[in-house]
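These are my notebook entries on one structure. I recorded what I looked up, with the cut-offs that apply.

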Amino acid sequence: MVIKLFNTMGRRKVVFRPLKDKKVGLYCCGPTVYDYPHIGNMKTYVNEDVLRRVLELNGYKVTHVMNVTDVGHLTSQADTGEDKVEMAARIKRTNAYEIARFFAEAFFKDCDLLNILRPTIIVKATDHISDMIEFIKKLEEKGYTYRIEGDGIYFDTSKFKAYGKLTGMNFKKLNKYLKAGARVDVVPGKKSITDFALWKFSPKDVKRQMEWDSPWGVGFPGWHIECSVMSMKYLGDTFDIHCGGVDHIPIHHSNEIAQSEAVTGKRFVKYWVHCEHVLVEGKKMSKSLGNYYTLKDVLDRGYTWREVRYLFISAHYRRQLNFTFEGLNAAKASVKRIIDFLKKLKQVEKGAGTKKFNSLLAKTKKEFLYAVNDDLNLPKALAIVFKFIAYVNKMIELRQLTGGDAEKAIKLILWFDNVLGLKLNDYLVEEVLPDEVRALIDSRERARQAKDFELADRIRETIREKYGIILEDTKDGTRWRRISR
Ligand code: AMP
Ligand code: ZN
């Protein structure tokens, strides 16, 4: 079955045909690591994770590359303002490298919590400075750059004929659009508003923590050059899919295309996939507006990571998602329905499978695959899942489902989960307590008997912190359960 994707380049849904047989090169713009990500950011990464899972379900081998922007992303889109990582280091009175390390770790922790598959290759901008310098040198040789004294080396967008093609606007129109929307401030010395910094000089009055020598002077790379250089280094001059949020279309990705294609003269990316934003009361969730929640904020309110992930996949990735707690409550109810269904299936008494049920399974599987392959239509795919659940629940009620059928239904739900990523298998395995936790529970019991309640509490806390297991003392003894995050 073919996969169709909406390609921002050309703005059409097209059949996906990879460059090399069953291999796919996928690049996703990673986080700028100066603060905790908000759930808007995480929704984009969940959407991208679904894309990867759908490709893998279809038998593709995906090389998924993600960058970590630890230098060069300025507070203004116009290449002015402060470097976000250096600014965080200044405010927190710590080292910029330490800030980047800390928040990159926090980001990947959130990814793990949301069951986002780890990229095949994770790359840091600060580890690729010499590659970036070489790349800028090539642009310079080809005549695409100019210098603004005391500021930096800029890319002359008027020299790249197809500049802005990703936006569907030509050079003139895009310049007008950016000016009118005041999306980019005017910078003295820039020839066109669309021109962007390749290399910024370190300011004269402030000592930067992250700076490098270069043929043009001491400084640091621009944010856009990072993604061009690192994606091409690991995936080649032309690769299959490039992802990001829709905010990247007019500036960041337009600039990546210009630099990359100016250097190679070849098409940079075959398919551009962009995820729509999470909104709060009609406005983009963002750090600057302060209208954001982190994953921790939401988990602290008692929701589970499954419910958050479900919320993100229940809306089409190209649809804006208005974040509300009512929406999250609806996601909670849906997740519960799936889990209750699995538990019910497990209880169906043994018996042989039936032919009639096999055809229902095959039909449902095909419909699901068709939906996810149709530009990742997850809302449709989930509707198919729930139609199946309703039908089978009715069969259980009427005692028409055999144990063999139930086993196959479980397998199908787990097959759906290859895309949904809700770790539904957790509800099927009989949980066994790890030996070391069993030993700790025994020592806590001995402490309780010796009336050393302080020690008993400490052990209980260790078990919770280290193993994510909560102990409850009941009249029938100590019970345990995992924290459902
Ligand atoms: P940043 O760390 O700002 O570069 O953003 C990381 C990713 O999150 C990028 O792909 C952005 O396009 C995306 N993003 C930023 N804000 C939102 C939002 N409100 N909803 C969805 N994605 C977002
Ligand atoms: Zn990028």
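**Entry 1: Phe171.** I located Phe171 in helix 5 (residues 171–180); helices (H or I, at least four residues) and strands (E, at least two) are DSSP runs, numbered from the N terminus. I noted Phe171 as partly exposed because its relative accessibility is 23%; buried means under 20% relative accessible area, exposed over 50%, and partly exposed in between (1.4 Å probe, protein chains only). I then checked Phe171 against Ser158, 13 residues away along the chain, and found their C-alpha atoms separated by 7.4 Å.

**Entry 2: basis of the values.** I am working with a predicted model, in which local features need pLDDT of at least 70 and side-chain atom pairs count only at pLDDT 80 or more, while totals for chains, interfaces and linings use all residues. Residues are numbered from 1 along each chain as its sequence is written, chains are lettered from A and ligands numbered from 1 in the order in which they are written, and side-chain values use heavy atoms, with hydrogens and water left out.

**Entry 3: Arg208.** I placed Arg208 in the loop between strand 8 (196–201) and strand 9 (219–221). Arg208 counts as buried because its relative accessibility is 7%. Its C-alpha lies 7.4 Å from that of Glu86, although 122 residues separate Arg208 and Glu86 in sequence.

**Entry 4: positive phi.** I looked up two residues other than glycine with a positive phi: Asn115, near 60°, and Glu281, near 45°. Asn115 is in the loop between helix 3 (96–113) and strand 5 (121–124), and Glu281 in the loop between strand 12 (278–280) and strand 13 (283–284). Are they buried or exposed? Asn115 is buried, with a relative accessible area of 15%, whereas Glu281 counts as exposed at 73% relative accessibility.

**Entry 5: zinc site.** Which atoms coordinate the zinc ion (ligand 2)? I found Cys29 (SG), Cys227 (SG) and His252 (NE2), at 2.1 to 2.2 Å. Donors are N, O and S atoms within 2.8 Å of the metal (3.2 Å for Na, K and Ca); water is not among the atoms, so sites may look incomplete. Along the chain, the donors of this zinc ion follow the spacing C-x197-C-x24-H. Cys29 lies in the loop between strand 3 (23–28) and helix 1 (39–57) and Cys227 in helix 6 (residues 223–235), so the pair ties together parts that are 198 residues apart in sequence. I noted both Cys29 and Cys227 as buried.

**Entry 6: ligand 1.** I counted 16 residues around ligand 1, the closest being Gly40, Thr44, Asp247, Val278 and Met285; a residue is near a molecule if one of its heavy atoms lies within 4 Å of it. Next I listed polar contacts, which are pairs of N or O atoms within 3.5 Å. A backbone N or O atom of Gly40 is 3.1 Å from a nitrogen atom of ligand 1. A polar side-chain atom of Asn41 is 3.1 Å from an oxygen atom of the ligand, and a backbone N or O atom of Gly245 lies 3.1 Å from an oxygen atom of ligand 1. Of the 490 Å² of accessible area that ligand 1 has on its own, the protein covers 92%; these areas come from the Shrake-Rupley method with a 1.4 Å probe. Helix 1 and strand 10 (239–245) are the elements that give two or more residues to the shell, and helix 1 supplies its largest share, four residues.

Conventions: Polar contact = N/O pair within 3.5 Å; in protein donor to acceptor, adjacent residues only side chain to side chain.
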